[in-house]
Amino acid sequence: QVQLVESGVGLVQPGGSLRLSCAASGRIFSINAIAWYRQAPGKERELVAAITGGGSSNYADSVKGRFTISRDNAKKTVYLQMNSLKPEDTAVYYCNFDLRSTPLSAGYNYWGQGTQVTVSS
C-alpha cells in the first residue's frame, strides 16, 4: 500500500508565506508526475501546480509567480512554497502522486488527506 502524508496546515495573514509538503511511503517503484490541487468551500477541486518526473512544472494562472512546486525524489516528497498569499487562496490543499508500485504495474493516482490553508487577517 501507499500512504501520502501532508503537512503545513496554517493560518496566515494576506501577503504571508507558507510551505506545504507531502511525503509518500510504502510500496513505490517509481513516481511520475506529482501535483497539488485545492478545493475551496462550494467550489470544485482545481489544479494548482504540477511537476513531471523530469522536473518540468506548470501552474494555474491564479498562482503563477507566487507559488513554486518542487520535489525531492530521494525523499519521495513534494513541496508547495506559497508566497504573497491572498484570501482567495483559502482552501483545502491536496497532493496527488502518479506512481507505480511495481515494475509491471500501471500508474495509479494517490491522494493526500488534505490540509487546510486559511488566509485571513
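Among contacts in the protein (heavy atoms within 4.5 Å) between residues at least 6 apart in sequence, 56% join residues at least 24 apart. The model is predicted, so to speak of local features pLDDT of at least 70 is needed, side-chain atom pairs count only at pLDDT 80 or more, and totals for chains, interfaces and linings use all residues. Residues are numbered from 1 along each chain as its sequence is written, and side-chain values use heavy atoms, with hydrogens and water left out.

Let us start with the whole. The protein has 11 strands and 0 helices; strands are DSSP runs of E with at least two residues, helices are runs of H or I with at least four, and both are numbered from the N terminus. Buried residues (under 20% relative accessible area with a 1.4 Å probe, protein chains only) make up 41% of the 121 residues.

E7 and E8 form a hairpin with 4 residues between them, and Lys76 in the turn has a positive phi of about 55°.

What does E7 show on its covered face? Phe67, Ile69 and Arg71 are there, while Thr68, Ser70 and Asp72 make up the uncovered face. In a regular strand the side chains alternate between the two faces of the sheet.

Notes: Buried means under 20% relative accessible area, exposed over 50%, partly exposed in between (1.4 Å probe, protein chains only). Two strands pair if DSSP finds at least two bridges between them.
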